[in-house]
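Thanks for asking me to look this one over with you. Here are my notes, point by point, so that you can follow along in the viewer.

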Amino acid sequence: MSIEPSVLVVQLREQLNDWSYRYYILNDSAVPDAEYDRVFRLLQSLENEHPHLISQESPTQRVGAFPLDQFSQVSHEVPMLSLDNAFSDEELMAFDRRLRDRLSIGEASVGYVAEPKLDGLAVSLVYENGLLVRGATRGDGQTGEDITENVRTIRSIPLRLRVENPPSLVEVRGEVVLPHVGFNALNTRQLEAGLKPFANPRNAAAGSLRQLDSKVTAQRPLDFYGYSIARLEGADMPACHSDMLALMSTLGIRVSPEIRQCIGVEGLLAFYHDILGRRADLGYDIDGVVYKVDRFDWQEALGFVSRAPRWAIAHKFPAQEEITRLLDVEWQVGRTGAITPVARLEPVQVGGVVVSNATLHNVDEIARLDLRIGDSVIIYRAGDVIPKVVGVIAERRPDGAERIVTPQTCPVCGSEVFRAEGEVIARCTGGLICAAQQKEAIKHFASRRAMDVDGLGDKIVEVLVDKNLISTVADLFALQAEQIAELERMGEKSAAKLVAALAESRGTTLPRFLFALGIREVGEATALALSKFFGGLEAVMAADEELLQRVPDVGPIVASRIRHFFQQQHNLDVIRSLRDAGVHWQEFDPSDAAGEQPLDGETWVLTGSMNILSRDQAKAYLIDLGAKVAGSVSAKTTVVVAGEKAGSKLDKAEKLSIPVIDEAEFIARLQALGVSVKEA
């Protein structure tokens, strides 16, 4: 059954936006680049065939994703654009032909600059009168993050340009990478410290560069290579890209020694195949080659499309694939309860590495591939990306090939496996008891916005679980000071404080308790809405889906998850144990359950850093008072709380004439509403 183009376009956009968010914001590579490129090109093709479906929210009409709020935001005066891709020699030749047609130069050859496509993190460096004054990430191409203190730690980035009379302003664009030697040494240190190793140099470089503590960045052996000048004041911009690179070298900015000038498409292909053969010996990761028209007047004549320049293209290296046999499928349980299928393969060499396991993502992917035990399958692996099954050779299917069945019970704890309607991921329902999830469940339960157990950090939780001192959240309240004092780095005083903090946390609120249970999609606002509507826990637990949907902001999916959670006997057992341990709260008066809170109907936005309160504390106070806390400023925003180094949100609030208050006034307002404010 074919999918309507309008529906498929929406699905592809949502998938690409999700991948882009995880890659650029969370530093989490959800899929290999080749898979992103394939889906992106499919979306481009559909939009070209159906122009009326093109929307400004489409990934094809924009550059990238959104920056985080941990760093102050930086607006790029010259956007940091991305590039279109070529995946074959034929596509590259078509690119060259289009340029010559647009330039009306007939069969004359175009002069290009070819450079390796470094696999790291793009950054902008601004020098004023020769001094480095700002470093920023690419972000969404228009707005990035200020990482000045971090880039200053990279030894290959000069703090002062190496010329006597530098230009008044230079903005350099380039790539921060982690060389293979440094990556291997970093992972060795991670393992020695008992920490998780990084998946690949790109993720390690991105994570290192976006550390809030620049001392951590300084310990990472990062490197920088410049590839363009975006702005130049106080000096003449050269007439071509190759001369601009020479100017960068003169200023003391390192450029790749592999960069070459090439004439015509034949020169580009010769460079491509040469560096592809030397790829493993370069000492750092590259995933293709970038070609740019050398002459700037020709670049200006060629111009831009919506998201990329017409005068440049990235020629991607081919995906690394091989054929092997699927021996079995095992099911792993993730820390959030997701049940993930893993392919066990007949060992095969792919890209110089022996592969015996590969990801299958989810049950829908198994169905899409029509995958069965015994099938001959196509495995994809590029660089350090986790191998994945991308295809089945149906004509090689053996007789009696076994269908793959999703388990009905969790392979770790035996709880029911539940897959919500419309979701691709099946999940274990034993969140409060499952060994695969227990650490994350306990960390969430004890967190500041939940039960707020002071002193019970993530590392202590992990040690307590590893030592078999606790297995569910209810076990926390049976801990004795003598048990805790025996743990590493926990003396008698620290143990006594933690036991006291646990005792104090027994007295909580119903919204905090509901949030602490870790029901999927039940955040602080939903927990408060449930508490206000029902008044007590028993009423929430007994409500059917129809009644739950009468709660503001609770739709069918959330209602289904709440109902399903309270139908599981093991969850009811843990709740009973918690109440038996003395966990209690003052329930809402049913007659006032639908009553208004002081800030009901208001939308607040927090921006910048605070000195007295943490961001989580401030958000929790607002939600408890009935306000909605939004991540962006709009005309519907009631108040903006601006801390130090407030960025674009403050600017937008001022443009929209939205009231702005500082931290001191915010705390004063909270206290006026009867909130007992605690310092972070």
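1. Start with two helices that meet: Asp89, Leu92, Met93 and Asp96 in H3 touch Val265, Leu268, Leu269 and His273 in H9, where contact means heavy atoms within 4.5 Å. These residues divide into five nonpolar, one polar and two charged. Here Ala, Val, Leu, Ile, Met, Phe, Trp, Tyr, Cys and Pro count as nonpolar, Asp, Glu, Lys and Arg as charged, and the others, Gly among them, as polar.

2. A word on the source: this is a predicted model, in which local features need pLDDT of at least 70 and side-chain atom pairs count only at pLDDT 80 or more, while totals for chains, interfaces and linings use all residues. Residues are numbered from 1 along each chain as its sequence is written, and side-chain values use heavy atoms, with hydrogens and water left out.

3. Back to the helix pair: the axes of H3 (residues 89-103) and H9 (residues 264-277) come within 10 Å and cross at roughly 145 degrees. Axes are lines fitted to C-alpha atoms, for helices over the stretch in contact, and angles run from 0 to 180 degrees between N-to-C directions. Helices (H or I, at least four residues) and strands (E, at least two) are DSSP runs, numbered from the N terminus.

4. Next, please find the open antiparallel sheet, whose four strands come in the order E5-E4-E7-E8; two strands pair if DSSP finds at least two bridges between them. Strand E5 (131-137) and strand E8 (223-233) are at the edges with a single partner strand each, so one side of each has no neighbour in the sheet. On average, neighbouring strands are turned by 25 degrees against each other, direction ignored.

5. Inside that sheet, E4 (residues 121-128) and E7 (residues 169-177) run antiparallel and are joined by eight bridges. Valine 126 has glutamate 171 in E7 as its bridge partner. Helix H8 (residues 241-251) packs on the sheet, touching E7 and E8, and its direction makes about 110 degrees with that of E8.

6. Which strands make up the parallel open sheet, and in what order? There are four, ordered E24-E23-E25-E26. Strand E24 (628-630) and strand E26 (660-661) are its edge strands, each pairing on one side only. E23 (residues 603-607) and E25 (residues 639-642) pair over four bridges, and tryptophan 604 stands opposite valine 639 in E25. H22 packs on this sheet, touching E23 and E24.
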